[in-house]
Amino acid sequence: MNKTLKKALLTTVAGATVAVSSMTFAATEIKAAFNQSDSHPQYAALAEFGKQLEAATDGRYKINIYPNALLGDQRAALELVQAGAVQMAVVANPLIENYDNTFTAIGMPFAYTGIEHQEKVFTSGVLDELFASTKKFGFEVLTAYTAGSRNIYTKKDNVKNVADMNGRKIRVMQSNTMVEMLSCMGGTGVPMSQGEVYTAVQQGVLDGGENNEITYADMKHYEVAPYFSKTSHLMVPDLVVVSDDFMNSLSKEDQATIRKLAKDSTLDEFAKWNARIGDARALAEENGATFIDVDVKQFQDSCKPLKNKLIKSDAQKALTNAINELS
Ligand code: GCU
């Protein structure tokens with residue numbers, strides 16, 4: 001619901017300050033679509049971003065976050081942002097990659113050497129140009145959030161080696177790169193939205209999924225797929241996107257405030273992520289999950305052919321080099 005602001009307008013008449021009128025301003029609501037719960041670190045970072053925005057604009061803007069995919073899955077939410085029906089959303093990189101494959105370079109297996117490297121890349125400014133370039137699709141990428149590293153988890157027979165992936169149907173995010181990645185590991189990638197995974201594994205349509213510990217715990221996937229193999233095969237950025245129509249309706253100054261505060265929230269999100277990750281694993285373990293350490297290099301090596309196959313354009317290559325230079 002919009003917050004109502006009351007401001008007394010004051011004027012000075014012959015040295016005396018007099019309230020001449022009292023007016024009511026409705027804050028502009030920024031609806032933010034989010035597909036995870038309100039206990040997720042990204043929710044907390046977005047909420048903090050909202051608080052900062054309210055403070056910086058005297059309450060003229062309010063970010064209302066709609067968690068648990070209330071506004072639809074990420075693909076639907078992105079379309080609503082493009083249409084201007086929803087102003088903001090957090091969307092995983094593979095969905096944006098479907099519009100511009102330059103984004104493949106920031107969501108490739110092993111693009112980052114670890115979370116510190118990813119943090120450096122997200123806060124270095126090296127992605128600014130790419131992020132501004134999506135306006136032609138009706139949205140702008142404001143900043144990137146970490147989602148840690150992704151791992152394979154299964155219903156039965158834990159995965160210890162790449163050979164164990166053979167013939168397994170594993171849910172992946174909705175992009176070609178993700179499907180190809182699973183094939184490189186020897187399994188079959190089944191693209192679907194996150195909200196459908198639990199039931200699909202439960203019903204045997206899938207053998208498992210791949211995700212980070214926080215989502216695994218948040219979505220209670222441990223109940224249906226209790227074997228979590230620490231493959232760490234991928235670090236996919238989540239992107240905070242804003243409607244281009246909405247941005248164009250604002251003054252240049254307000255646009256700049258939103259861009260700056262969104263960028264600032266990235267460091268905060270990394271800190272919140274790092275603070276939460278251990279608890280998520282503990283929660284999953286308390287509920288019966290088994291975490292299995294695997295030879296990460298084997299999984300990394302299996303994905304190497306992807307690089308030559310998918311990083312082809314000059315823009316992708318330049319971005320890959322810039323990312324590597326920050327490692
Ligand atoms: C992660 C990521 C989400 C994404 C999800 C998925 O949790 O943070 O943005 O939706 O993975 O696998 O779909």
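I'll start with S265, which counts as buried because its relative accessibility is 5% (buried means under 20% relative accessible area, exposed over 50%, partly exposed in between, with a 1.4 Å probe and protein chains only). This is a predicted model, in which local features need pLDDT of at least 70, side-chain atom pairs count only at pLDDT 80 or more, and totals for chains, interfaces and linings use all residues. Residues are numbered from 1 along each chain as its sequence is written, and side-chain values use heavy atoms, with hydrogens and water left out.

S265 sits in helix 10; helices (H or I, at least four residues) and strands (E, at least two) are DSSP runs, numbered from the N terminus. Setting aside neighbours within four places in sequence, S265 contacts A45, F49, T143 and Y145, where contact means heavy atoms within 4.5 Å.

Helix 1 (residues 41-56) and helix 10 (residues 252-286) have axes that come within 8 Å and cross at roughly 145°. Axes here are lines fitted to C-alpha atoms, for helices over the stretch in contact, and angles run from 0 to 180 degrees between N-to-C directions. On the helix 1 side the contact includes A45, F49 and L53, and on the helix 10 side L261, S265 and W273 are among the residues involved.

Next, helix 11. What span does helix 11 reach from its first C-alpha to its last? Helix 11, residues 296-310, reaches 21 Å, close to the 21 Å expected at 1.5 Å a residue; the expected span is 1.5 Å times one less than the number of residues. Helix 11 does have a kink of about 30° at S302, shortly before the proline P305. The bend at a residue is the angle between axes fitted to the seven residues ending there and the seven starting there. S302 is also one of the buried residues of helix 11, along with F299, C303, L306 and L310. The buried residues pack against helix 6 (176-184), strand 11 (227-234) and helix 12 (314-325).

In the loop between helix 11 and helix 12 we find S313, which is partly exposed because its relative accessibility is 27%.

Last, two backbone angles. K220, in the loop between helix 8 (213-218) and strand 11, has phi near 55°, a positive value in a residue other than glycine. K220 is partly exposed at 41% relative accessible area. S232, in strand 11, has phi near 40°, again positive in a residue other than glycine, and is partly exposed at 23%.
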